[in-house]
Amino acid sequence: MPSYDDDLPTPQEELLLNQLINNTDRQEQLQALIQVKNLIIGSKRCKTAFYHVGILDNLYDLLKQYSSPIDIDILIQIFDCISSFAKSNNKDLIHHLIELGFIEQFLILLTNKIDSKHFYESCLRCLRSFFLSKTFSNSSITSIPFIFLCDQNKSEEKPSELQLEITLSNNKFSPINILFENSQTLDTLHNLLSISKSTQISIVEILCCVCVDHERQKQIVEKNFIQDIMHLLVENISINDRIHHLVGLANEHLIEVCLKFFCSICYENPTIAQQLYVTIYSETNQTLCEIISSLLNKILRSVIISYYASKFFVNLCKTKVLACDDPYVSHLSLTTLIHLCTKSNINKCVYLYIECLDTLIYLLNGNNTLHHTAIYTEQLLNKLFIYIFTPNKILENNSDETISIQLRSSALTLLAVLSSHHEDIKKRIAEQENLISTAIECYRSPHISLQLASLRLFHGLSRSVHQLRTTFNDTICDILLDAIKSNDLSLVKIASSVISNTVLEFSTCRARLLSGGILDILFTFLTHTDHELSINSIWALRNLSYLSTLKIKQDILNGLTIDKIYSLLEQCTDKQFLICLLSLLRNLFNEKDTEILLPMFNSVKLLTTLERILDKNHPGEIRREVNLLIDHLNSINNPSQQRSSSDSINSSCRTSLFPECILIN
């Protein structure tokens, strides 16, 4: 029996490896390759043991040896071996495969004209394994950085614009970079599409994985893949419809990957999304949208087909090609995704639950008009509460704890999105028995995803005056103070977003946060290299200054310093930061405190500085804030010129206390 206590081959395995490496007889090498393949498939131990004794280098030498002239049978066995190795979770192993040059060699082999369908199928399956490897995240289908969005906030540049792909595309081990090194590679893949369904599935899945940024998406579109893959989609839908219930697995899988391709190619790309929206299939004169929507009207479709068909319309909506109230989105995609989230007969497919929850988060975040429809569809809220409170009820007894954590995190984050806008939904969620205590428990867990999800829920609820007065207690304050001091930047950023609301004068948390030293922390973050954190900090100071006592205002000024304020007013070029700073000053100069605070600034110097800001080419929102502040200062200096009552000024402040877009990551 093999030993599982070390990472070395057993004596029998060593004999086999010697036979593979040292034997010059082709037939015996072929048999050795087959045995090696059978050993490593599904065996983490064998992969690790063989890797440690250098089998990858040996396989690469054999690959080169039998590539010229081409020995189809041996190469197919090498493809299958490498495909299995490429599915390993060992990053060092994967990186060594890439360093050796396997991907380049496979791409060269695919350019040869060989009379063997099996050869191309095996080579492409092997190549696909590199792109589907867990080592390389596929950003086109991975959740984007989470921020709360607002319907009105259409002019803001979203941080989600494919920024995560920068790291991936700059990775020297990235299969994507290797594939695009040769401009002819896409042509090669395009030419191989017609060989078989197996090659079609592999090629389309590879294309899905390389849609990591606008440049790569554009390169794929320019090779006319859209029309060809649409033809594959229609062809296989027709085949499945003709044979009714006897659905061929290859046909069904091909439909799934074609839909996945259309989701990936237009992800966060308005130009390509618009192109897909107007694309017509010439043989039937149907639009692509009509073709895909027909899949959502079929009861017998696979859940994967339903998921990707729904996700396609979600991506069109998020690129503003479709409105959120378009029937494709509100009647088909939304209801289908919720149905998949609540469907009892897919309990064994928990990964689909998580994918659907994450896609709903993506859709509903910023599309607040869909929130009521969502919560009243198939009792979504009740299902989310089950996922959070008792996830094991829908999981197999032997399920990995990681899956339960993912499910709870996604459910909590979806609740956070749903609680971010409508007051009645916030109330319904906050009043759910044991939810707040469970969220607190999730924050105290050792799992970062649960901690983040818990803070996101508190962030959504913190956008309500009522919830700030009722739900937020000392325990939540202590959590926020703990999170804001964390070494994990993602926790710090979300905590700063919640704190920017919980420091308001009507919040029950304000005093505890101040006694916990929040002011000094916020001052430190003002100059933080992370832009979102610095914005959240100035926003928190601006909210803290609203209707504050003279003592708090003086503490803010002492921490910021007058010189620093003047420096920021004269040099700051960041729109959000400058607007918050100007609003902060307006809050500081409340009429009852003006006589004490204004002399600290020298009112003439302050007015001169503000007028210089007006002379610069700033956006209209900044100019409006400057004019409001100048008007306010003039009305203080000369009450006879006062054109606004203090009530109206305070009201103006209050209406923007909860920002349209509070940054959260």
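Biologist: Where is V210 found?
Modeller: V210 is in the loop between helix 12 (197–209) and helix 13 (214–222). Helices here are DSSP runs of H or I with at least four residues, strands are E runs of at least two, and both are numbered from the N terminus.

Biologist: What sort of model is this, and how are residues numbered?
Modeller: It is a predicted model, in which local features need pLDDT of at least 70 and side-chain atom pairs count only at pLDDT 80 or more, while totals for chains, interfaces and linings use all residues. Residues are numbered from 1 along each chain as its sequence is written, and side-chain values use heavy atoms, with hydrogens and water left out.

Biologist: Back to V210, buried or exposed?
Modeller: V210 counts as buried, because its relative accessibility is 1%. Buried means under 20% relative accessible area, exposed means over 50%, and partly exposed is in between, using a 1.4 Å probe and protein chains only.

Biologist: How far is V210 from S264, C-alpha to C-alpha?
Modeller: The two C-alpha atoms are separated by 8.8 Å, and the residues are 54 apart along the chain.

Biologist: And E99, where does that sit?
Modeller: E99 is in helix 6 (residues 91–100). It counts as exposed because its relative accessibility is 53%.

Biologist: Which residues of helix 16 are buried?
Modeller: In helix 16 (residues 270–278), I272, A273 and L276 are buried. They lie on the same side of the helix because they cover an arc of only 105 degrees around the axis. That arc is taken from the directions from the helix axis to the C-beta atoms.

Biologist: Why would residues three or four places apart point the same way?
Modeller: An α-helix has 3.6 residues a turn, so residues at that spacing do.

Biologist: What is on the other side of helix 16?
Modeller: T271 and V278, which are exposed.

Biologist: Switching to aromatics. How many aromatic pairs are there?
Modeller: There are 16. Rings of Phe, Tyr and Trp (its six-membered ring) pair if their centres lie within 6.5 Å; planes under 30 degrees apart count as stacked, over 60 as edge-to-face and the rest as tilted.

Biologist: Are Y60 and F102 buried or exposed?
Modeller: Both are buried. They also belong to one aromatic cluster with F79, F106, F119, Y120 and F130.

Biologist: Which ring does the charged end of R216 sit over?
Modeller: That of F180, 4.2 Å from the ring centre. K605 lies over the face of Y566, also at 4.2 Å from the ring centre. A charge sits over a ring if NZ of Lys or CZ of Arg is within 6 Å of the ring centre and within 35 degrees of the ring normal.

Biologist: Helix packing next. At what angle do helix 5 and helix 8 pack?
Modeller: Helix 5 (residues 72–86) and helix 8 (residues 117–131) pack at about 20 degrees, with their axes 8 Å apart. Axes are lines fitted to C-alpha atoms, for helices over the stretch in contact, and angles run from 0 to 180 degrees between N-to-C directions. Helix 5 is therefore roughly parallel to helix 8. Angles under 35 degrees count as roughly parallel, over 145 as roughly antiparallel, 65 to 115 as roughly perpendicular and the rest as oblique.

Biologist: What about helix 17 and helix 18?
Modeller: Helix 17 (residues 288–295) and helix 18 (residues 303–318) pack at about 140 degrees, with their axes 8 Å apart. They are therefore oblique to each other.

Biologist: What is phi of K320?
Modeller: Near 70 degrees, a positive value in a residue other than glycine. K320 lies in the loop between helix 18 and helix 19 (327–342).
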